[in-house]
Amino acid sequence: MHPQHQPRPQPHRHRAARPAKRVHKPLFILGIPVVVIAAIAVGTDDDTGAGSTGEREPRARPTTVPEYKVIRENMGGKTGKADLLMPKARPEAAEAAIRDYAEKIDGPRAVSVGVVRSEDAAVVVCRGEWRQDERAARLYGGEPGLAVECPDPVPIGSDEGDRAAAEKAAGIPPKPTGAARTAYLDAVREIVPALAAEPDKAVDAGRNQCAALGRGSTGLDRLAAQRFGDGAHPLTEAQGGRLNAVLRKTLCPEP
């Protein structure tokens, strides 16, 4: 009988020990995990670029943009101003026109846009204050983006008597004449010499500002600087405060 078959012993194989898994500890920079920093960076890098640049997403344009005509426009500096003519404007259409105009602003960082029904109108149907971003809002007042208000004190089709009554109810004083006009313009020119060439603008700006003073609006000094200044001759809030003081002594004294 054959001896029982014994299996041939297999040589022992040495397997290389697997390296232990390394635990990556977060790297700290100034006490803040780098992972967190990276997450924040990724989170702000979206398709719109809003997080990295501070730019706002453009507003959707209205289905139908009302017709308007730009009758005054000054966009030569960091601030700008424009008036849009819409003879039969109602507040809703005026606001839509302002939003359409604001979407096309290129250059200035702060712009004031008004809608009027006639070229010599002393009061706007609606006014928009546009600020490019948060930094512009800090520099020129207001909020980033577009803010629109529509005082519209004068109904469409009003005759001169109704118009005067509506303006008075809104706190807009009558146009000054004679010595009163001269005294007002002289006082304004001491603060804004450039208005010497635009007396009608100075009068209209003052009458509109009187309405804001009467309402007790916020940011009155900033608002006066915007009304009387423009892109070519921007004014400071300090100058706006001086203009408000002039108005309280001339066109619209405090009661």
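**Close-up views of a predicted model**

**View 1. Tryptophan 130 in its strand.** Tryptophan 130 counts as buried because its relative accessibility is 8% (buried: under 20% relative accessible area, 1.4 Å probe, protein chains only). It sits in strand β6, residues 126-131 (strands are DSSP E runs of at least two residues, helices H or I runs of at least four, numbered from the N terminus). Its C-alpha atom is 9.2 Å from that of isoleucine 105, 25 residues apart along the chain. This is a predicted model: local features need pLDDT of at least 70, side-chain atom pairs count only at pLDDT 80 or more, and totals for chains, interfaces and linings use all residues. Residues are numbered from 1 along each chain as its sequence is written, and side-chain values use heavy atoms, without hydrogens and water.

**View 2. The largest nonpolar core.** This core has 22 residues (buried Ala, Val, Leu, Ile, Met, Phe, Trp, Tyr and Cys joined through side-chain atoms within 4.5 Å). Those with the most contacts inside it include Tyr184, Phe228 and Leu247. Helices α6 (178-191), α7 (199-215), α8 (220-228) and α9 (237-249) each supply at least two of its residues. α7 gives the most, 6 residues.

**View 3. Leucine 247 and its neighbours.** Leucine 247 touches Tyr184, Gly206, Gln209, Cys210, Leu213, Phe228, Cys252 and Pro253, not counting residues up to four places away in sequence (contact: heavy atoms within 4.5 Å).

Note on methods: Buried means under 20% relative accessible area, exposed over 50%, partly exposed in between (1.4 Å probe, protein chains only).
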